[in-house]
Amino acid sequence: AQKITQTQPGMFVQEKEAVTLDCTYDTSDQSYGLFWYKQPSSGEMIFLIYQGSYDEQNATEGRYSLNFQKARKSANLVISASQLGDSAMYFCAMREGHRDGLTFGKGTHLIIQP
Amino acid sequence: DAGITQSPRHKVTETGTPVTLRCHQTENHRYMYWYRQDPGHGLRLIHYSYGVKDTDKGEVSDGYSVSRSKTEDFLLTLESATSSQTSVYFCAIMTANYGYTFGSGTRLTVV
């Protein structure tokens with residue numbers, strides 16, 4: 001079974017609209033972390049936001065927020081007021097062990113249209 | 001910002017030749033990781049290291065070996081490169097508070 005599932009291979013959104021990128025995860029650990037990364041066409045991996053499994057509040061970073069629903073094992077990324085520069089691949093990822101690397105989803109290709 | 005550099009940035013090599021990719025960090029972080037990125041697969045963990053001479057396998061370790069003789073350097077070796085190892089390779093480090101910072105990537109083409 002996939003540990004991280006991103007069900008939207010591609011999305012087209014109008015500029016200035018809000019965007020929700022879906023992510024569901026599968027783990028039996030009580031302690032874990034969820035991450036979102038942005039990868040523009042230039043290829044670098046840019047950290048956006050982090051949510052710990054014990055965090056009671058949803059994480060927010062500027063225009064990014066993470067809609068964390070623990071019981072449903074979902075960690076959707078919300079981008080408010082989308083901009084043309086938000087066009088990129090977006091990856092959801094999870095860390096389980098304290099030293100283990102991240103497990104990534106397959107990504108969502110977001111295209112913001114003017 | 002954590003200093004992490006990968007070299008080379010691009011490489012073309014022939015099938016059957018050995019290839020070594022280097023990841024260098026400047027801030028003495030303990031944990032380092034190698035990933036490969038392929039279309040339709042996201043990033044997949046190849047190997048990781050939790051200290052000098054301490055390494056472990058990830059999800060897609062077959063055909064790869066790693067070494068870490070110094071804290072700052074984590075080397076990924078393809079002993080005998082195959083076309084299926086054509087990919088973009090990313091190194092990452094775990095920074096404070098369990099964050100991860102990625103290098104700029106190495107685009108490897110095996111012909």
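Good morning. Chain A has 114 residues, and because a compact globule of that length would have a radius of gyration near 13 Å, its value of 14 Å agrees with that expectation. The radius of gyration is taken over C-alpha atoms, and the globule rule is 2.2 Å times the number of residues to the power 0.38.

Before I continue, a word on the source. This is a predicted model, in which local features need pLDDT of at least 70 and side-chain atom pairs count only at pLDDT 80 or more, while totals for chains, interfaces and linings use all residues. Residues are numbered from 1 along each chain as its sequence is written, chains are lettered from A and ligands numbered from 1 in the order in which they are written, and side-chain values use heavy atoms, with hydrogens and water left out.

Let us stay with chain A. Its C-alpha trace spans about 40 × 25 × 20 Å along the principal axes. The chain has 12 strands and zero helices; both are DSSP runs numbered from the N terminus, helices being H or I with at least four residues and strands being E with at least two. Of the 114 residues, 47% count as buried, where buried means under 20% relative accessible area, exposed over 50%, and partly exposed in between, with a 1.4 Å probe and protein chains only. Among contacts in chain A with a separation of 6 or more, 54% are between residues 24 or more positions apart; a contact means heavy atoms within 4.5 Å.

A:Lys16 lies in the loop between strand E2 (10-14) and strand E3 (19-21) of chain A. Its phi is near 80°, a positive value in a residue other than glycine. Is A:Lys16 buried or exposed? A:Lys16 is exposed, because its relative accessible area is 65%. A:Ala81, in the loop between strand E9 (74-79) and E10 of chain A, also has a positive phi, near 45°. A:Ala81 counts as partly exposed, because its relative accessibility is 40%. In the loop between strand E4 (24-25) and strand E5 (33-39) of chain A we find A:Ser28, which is exposed at 68% relative accessible area.

In chain B, a cis peptide bond joins B:Ser7 and B:Pro8, with omega about -10°. B:Pro8 sits in the loop between strand E1 (4-7) and strand E2 (10-13) of chain B.

Finally, the pockets. On a 1 Å grid over the protein atoms alone, a pocket is an open set of points where a 1.4 Å probe fits, with protein on both sides within 12 Å along at least five of seven lines, and lining residues have an atom within 4 Å of a point. The largest pocket holds about 450 Å³ of space, a volume being the space filled by probe spheres set on the points. Its lining has 25 residues, and those nearest its centre include A:Gln39 and B:Phe90. Which element gives the most to this lining? E11(B) does, with four residues. The lining divides into seven nonpolar, 14 polar and four charged residues. Here Ala, Val, Leu, Ile, Met, Phe, Trp, Tyr, Cys and Pro count as nonpolar, Asp, Glu, Lys and Arg as charged, and the others, Gly among them, as polar.

The second largest pocket has a volume of about 370 Å³ and is lined by 18 residues, with A:Phe104 and B:Arg44 among those nearest its centre. E5(B) gives the most to this lining, with three residues. Thank you.
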